[in-house]
Amino acid sequence: MALKKGKRSRSRKGKNEDHPEDIFPLVLTSATQKLFDCRADEDVTEQSPYKLLKKDDIIQDIKTRAAVSDFSPVKQILLNYPEEEILLVFDSTFTYDQNFYLVLSPEAKNRILNVINETPETETAAVLEVEVNKTPKRKPWVSLGSENEIEAESIKETRPRITIRYFRKWRTLKLPVNFSDSETVFVGFESYEDKRFNIKVMLIDRGVQAVPVVLENSTQTPWIVKRNNWTHYEPREFSEEEKESILQSESMKNFCKAVTTRMLQALQEESIFNVFIEELKDFGTGRRVDDKSGLKSEDLELQMTFKDHTYSEGKKISSVHWHPIIHGMIAVALTEPNEEESDKPSTFIPRPSFIVFYSFADFSKAQLLLESPDDVVAFEFCPSNPNIIVGGCVNGQVAVWDISAHSQFLHSGSEMVISKGVTVENKLKVSVQVLTCSPDGTLKFWDVRLPNLDYLKPKPATPKTPKTFYRVSETFKHLDRTWKPFFTVYLFKVDDVGTYSPWKFCFHPYTSDGVTENASGVIADYRQLTIPSSKTLKTLEDVNTKIYVGTLQGEIVCTDWKEIKPLHCFNACHGMVHTVQRSPFLKDVILTIGIWKFAISKEGVMEGPVFESAHSEEYYCSGCWSLTRPAVFFIGRDNGSIEVWNLLEDTTKPSQVYESISKNRITCIKPWTVSSKQHFLAVTDDLGVLRVFEMSEKLCIPSKNESLHMKKYLEHETEATKYFAKQKKTWAKQKKEEKEKELEKKMTSDKPVKTPEEEEKLELKEYKDFLMLEESILKKLGVQKGEQYQGLQRQRSDDVIDVRQDR
């Protein structure tokens, strides 16, 4: 096969190459190769370089990409090509200086294809090598101007050379030379700047190299050292004259006319169908289609909603607790939402409030009401007798209820009793004491037993005794109007004057042998219990008497009721601390939640919290630990959402956020475990609504060795906290030493203070030296001292004397 040699053609690069008439070299980009399945060294290779392309596909590519198409130079030739397929050859050796070439005649295409079909692969390669591969001819060199640059950079002589001839006199030749030792002298000539010349560099030749562009990015990380900053700003607005001018301008009128029609149409479409709906949520990635309140999710499913409109309308829930024994029963305390209004009267006015009991069996109404003289801020069930409930009121009163007549006979026990700072054994295994805190700076201990039999005698009513507006239970009738705390712990500030303002507290529960029931197996009658003598009780030495208290100012105070003084205090949260809770798994770990952040403290670590969160964009209102997962806890926010934190997954952000749990602030969160497969979460809000959610396995089933990993993580954070506190002291010490050194250096460098007499003598001496110098200069100049000079000298001396006398 021989290809006919024809006239020169021009390739796409603009070079004149010698190639046959029916051969057209082309440069095919990687995109074109991929589009026509002719990728170099993949679809076509050096051994199999041929590819048949459809004429219609090439023409369609030219229409689609126009001038961008690699086949656009042969558009007219392709339109006139008679057959449906055209041959494309991969030119791996760049015979025609391009990576591909087209065979533009059917005859050449048939010859090549016939040779491929009739000749073996080796013969075909040999024939093509002889017929197609040709040695390119030598091309004449075309100047592009580089020789001019070389010529300009070369050094040429612009003046005739200077010839210097050196010779010696004839008489000095062949004379003897004598060498002797002498002191060696080195003479150096240092470089210096010649100020007579000031040459300004106008042109500098430097080499450059293309390098990747360097980008600088930054990220925001939590910084432990906090600083109060604020920015006051206001928007810039147009003046009234400018606003009127803009509204009356023709451009504004034309704009309103142009967009009014489209705006009305958009409003009509929006009223018919929400064009901003997220379709992905309809496929199960978010809330369900029929869930408009956001109360359904994959991990929290709303089971029941409780609200008694008779008693909870217009009130908020301040505290919530599951009944310790009766399954499906939950109690909430209702309070007024404006409990801190300024026009509240200072005198005591009875304002009945309630603790409401709800049941899963009938969630349409309240099952039980506990009336109190004022709003109950917090309440608790008795550990040994769930029928006994104690609550703290807004007005400072402590109330006790007995619901034995309204619930089944159940009992449990407690293991510890407190007696004026000393922990003693409770032989009856009955909880008889209450611990309360108040913003007045005190922790108070109360006992429901009789101190002596005199309290059983009825006391005559006095005119000052106010009338009782509620019925007193027979169980605690002996405490009515006589109940007082028997032991008080004052929370004095550690490094300042005054007391802390406690709001929440927690202590370590004590159990000696794990027995929860009392010794007799029956619930004791509180009317028959009396306080025994301390001499007959056994002192318990292994009781943890430390209490962690959260204050209204965001402080965490650790106090010991044995020593009756705070041990240490540190700022953990900004604003009021509304949650202080020990971990159900690690008893020495305390979770504290404030308005803007939360912190985790560890008992015994006095340097500060072992972990502090970053500032939240939303207010934190409540929180609690998970009952089944050691690393998980819940936080309620002001916008009605709940955050789920898992410290083993991420410590910078919550692992899950459940939006729109409520339309108002979350006030309380309380989990409850029914069984290993059923877990509930009670959530209350400012509107007095109680919602019960069932939690999925993701929130309840712990990971492998989660408790051990959580313990190791907190140990690591504890070491880091102690190390940072130690370094902080070292830095402060170094800074103090540096200041002392600077002060000492400044004091030693100061000149000694001179007296006025010494200063006068020094000035007079300097003046005399000046006169002597002046006289010597005049002598050298040949100037005689005249009368005028002598008079001037006497006048100067008189001035010096006058100045000295004035001083």
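## How to read the model

Residues are numbered from 1 along each chain as its sequence is written. Because the model is predicted, local features need pLDDT of at least 70, side-chain atom pairs count only at pLDDT 80 or more, and totals for chains, interfaces and linings use all residues, while side-chain values use heavy atoms, with hydrogens and water left out.

## An open sheet of three strands

Let's start with the sheet whose order is S17-S18-S19; it is open, and its pairing is antiparallel. Strands here are DSSP runs (E, at least two residues) numbered from the N terminus, and two of them pair if DSSP finds at least two bridges between them. Strands S17 (433-438) and S19 (487-490) each have a single partner strand and stand at the edges, so one side of each has no neighbour in the sheet. On average, neighbouring strands are turned by 15 degrees against each other, direction ignored, with axes taken as lines fitted to C-alpha atoms.

Six bridges link S17 with S18 (residues 442-447) in the antiparallel sense. Within S18, Thr-442 is the residue opposite Ser-438.

S34 pairs with S7 (residues 300-306) over six antiparallel bridges, and Leu-690 in S34 stands opposite Phe-306. Strand S33 (residues 678-685) also runs antiparallel to S34, joined to it by five bridges; here Phe-680 stands opposite Glu-694. The hairpin of S33 and S34 has four residues between the strands, and Gly-688 takes a positive phi near 80 degrees.

Definitions and conventions:
Axes are lines fitted to C-alpha atoms, for helices over the stretch in contact, and angles run from 0 to 180 degrees between N-to-C directions.
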